[in-house]
There are 2 protein chains.
Amino acid sequence: MRVERIDTIAALRARLAAARGSGKRIGLVPTMGALHKGHATLIARAREECDSVVVTVFVNPLQFDRADDLERYPRALDADLDLCDRLGADVVFVPSTTEMYPASPRCTIQVTGLGDELCGRYRPGHFAGMATVVMKLFQIVQADVAYFGEKDAQQLAIVRRLVADFNVPLTIVGVETVREADGVAISSRNQHLDRCERQLATALYQALGAARAAIEAGTRDPGGVRAAAIARIPADDRVRLEYLEAVDPDSMEPVPQILQPVIVAGALWVGRTRLIDNVRCTPPPLS
Amino acid sequence: MRVERIDTIAALRARLAAARGSGKRIGLVPTMGALHKGHATLIARAREECDSVVVTVFVNPLQFDRADDLERYPRALDADLDLCDRLGADVVFVPSTTEMYPASPRCTIQVTGLGDELCGRYRPGHFAGMATVVMKLFQIVQADVAYFGEKDAQQLAIVRRLVADFNVPLTIVGVETVREADGVAISSRNQHLDRCERQLATALYQALGAARAAIEAGTRDPGGVRAAAIARIPADDRVRLEYLEAVDPDSMEPVPQILQPVIVAGALWVGRTRLIDNVRCTPPPLS
């Protein structure tokens with residue numbers, strides 16, 4: 001195997017010092033492991049654009065609001081290392097929880113506004129925990145570019161704002177969501193779905209598609225867009241829509257009227273599994 | 001004048017890129033201007049230890065809890081530039097408020113625990129605002145070493161923890177407090193004192209000295225130490241002790257018994273001016 005697995009911050013820094021010193025472009029792909037085609041797209045993009053590609057695999061306890069969700073989060077390190085190797089990554093950084101948090105952190109990132117709506121309303125502390133570990137990874141790797149999936153739209157908006165607010169010397173690249181043939185966004189959580197749930201999961205993408213069609217047809221009232229989307233969610237006990245909103249792509253706050261491009265984002269519970277997805281929608285010009 | 005004044009982040013980065021590329025050691029001295037002998041000691045220390053010395057002058061609105069205190073904070077940029085030039089600094093970075101905060105930040109540093117006691121109790125939001133701007137300056141300058149005065153003991157403890165918690169690739173150096181002949185710690189705020197207040201200001205250092213003497217004589221009860229200190233504060237309407245506590249040097253939390261080295265820190269109002277100071281004290285070994 002060509003890819004190098006590194007477990008400590010000191011060893012990672014030593015490994016990257018030479019690359020940095022010689023002006024090489026370092027790309028970072030932060031993940032929680034259980035890598036799938038979505039992550040593969042991020043890694044492949046980093047491989048194209050950078051000299052050194054660092055994939056990090058760390059299931060960050062700080063961003064889980066529920067212990068059972070953390071416990072249940074899939075782990076598959078051997079397969080992850082294989083995939084990174086095949087995609088030509090240089091380093092996979094796999095720190096332990098004590099390596100990342102030798103003591104309970106006293107200084108953390110606070111997210112105001114951007115993290116309040118959508119997922120933030122249902123996962124208290126999630127985005128602060130995510131932003132904190134991402135800031136740590138930025139400091140540890142000191143990459144030139146970091147790659148994030150557009151599937152986690154609110155996460156991406158917050159990471160962009162984190163970098164801007166703190167002047168982190170790094171470029172953020174958002175990469176388009178990878179979907180299955182039936183439109184379902186690829187996610188580590190899909191593997192929790194049984195066959196029937198997997199079929200029900202298509203409802204989220206269909207609802208988002210209906211929202212997009214309504215917006216492109218000129219519906220400017222978010223309530224109307226929402227109604228068009230919700231009509232696509234089947235009346236089934238195993239399915240529950242948590243939220244579905246048209247939001248401003250920068251602030252991630254719901255818009256009162258759809259006059260500019262928006263992101264329509266939704267979260268759907270299918271059985272015990274929570275799925276999220278989003279689409280960008282551009283309304284017709286005002287006549 | 002040899003020292004270069006730079007006002008924008010982009011220009012500062014361009015100026016430092018060459019130094020960084022050639023492996024030069026960059027030292028950062030973050031200040032709010034109105035430089036005095038205390039700052040001069042920091043700059044001189046950076047000059048000794050680093051190839052490039054960057055002094056930043058920015059009165060950070062985020063760390064002022066009161067508008068009148070921000071308004072009243074002394075500014076003296078021409079004199080600051082002169083001093084930096086004489087001390088051999090390479091760059092003085094003087095960003096505007098809009099350069100540092102083009103928009104109200106959505107991502108900020110939250111400080112838990114370390115910032116609750118002492119000054120934190122009386123200046124809500126102060127340490128979060130300080131930590132936020134310091135983190136920004138770390139990202140902007142990307143220094144190898146940053147210098148902070150021990151006079152602001154709680155600030156120094158928080159900055160050390162900030163760097164540890166986020167793995168910022170930077171060394172923090174704490175520099176001993178510089179004092180006037182009568183023991184008063186040098187501070188930008190001393191210039192607000194009239195002659196009589198300046199005389200009264202000596203009470204803080206005397207109180208801390210009494211606390212140290214009590215600890216070195218074997219007083220292990222913080223209440224006893226406090227009583228010894230407070231006996232040195234004159235009964236004068238113009239003087240009010242805000243706090244005086246023996247705290248753990250890492251956590252900055254009051255200790256129940258003095259068995260290890262502590263910091264005794266105090267804040268004294270003299271007229272309209274708030275002064276802070278602290279001393280390190282080592283108790284005799286337990287027999």
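Student: Which residues of helix α11 of chain B are buried?

Tutor: This is a predicted model. In helix α11 of chain B, residues 222-230, the buried residues are P222(B), V225(B), R226(B) and A229(B).

Student: What covers the buried residues of α11(B)?

Tutor: The cover includes helix α10 (202-216) and the strands β8 (239-247) and β9 (262-270), which belong to chain B.

Student: Now the whole chain. How many helices and strands does chain A have?

Tutor: Chain A has 11 helices and 10 strands. Its radius of gyration is 19 Å, close to the 19 Å that the globule rule gives for 287 residues, so chain A is as compact as a globular protein of that length. The C-alpha trace spans about 55 × 45 × 40 Å along its principal axes. Of the 287 residues in chain A, 43% are buried.

Student: What share of the contacts in chain A comes from residues 24 or more positions apart?

Tutor: Among contacts with a separation of 6 or more, such residues account for 70%.

Student: What are the domains of chain A?

Tutor: The domain assignment gives domain 1 (4-175) and domain 2 (188-281). Their C-alpha centres lie 26 Å apart. The contact takes 13 residues from domain 1 and 18 residues from domain 2 of chain A. On the domain 1 side, α6 (119-122) and α8 (153-166) of chain A are the elements that give two or more residues. The largest share of that side, three residues, comes from α8(A).

Student: How many residues of chain B are in contact with chain A?

Tutor: A general point comes before the count. The size of an interface is often given as the accessible area lost when the parts come together. Here the description is by contacts: 24 residues of chain B are in contact with 24 residues of chain A. On the chain B side, β5 (107-111), α7 (126-141) and α8 (153-166) each supply at least two residues. By class, that side has 13 nonpolar, seven polar and four charged residues.

Student: How many bridges join β5 of chain A to β5(B)?

Tutor: Five bridges join these strands, which run antiparallel. Within this pairing, Q110(A) stands opposite T108(B).

Key:
Residues numbered from 1 in each chain as written. Chains lettered and ligands numbered in written order. Predicted model: local features only at pLDDT ≥ 70, side-chain atom pairs only at ≥ 80, totals over all residues. Buried ≥ 20, exposed ≤ 12 C-beta atoms within 10 Å, placed from the backbone. Helix = DSSP H or I, 4+ residues; strand = E, 2+ residues; numbered from the N terminus. Contact = placed C-beta atoms within 7 Å. Rg over C-alpha atoms; globule rule 2.2 N^0.38 Å. Nonpolar A, V, L, I, M, F, W, Y, C, P; charged D, E, K, R; others polar. Pairing = 2+ DSSP bridges. Domains from an automatic or database assignment.
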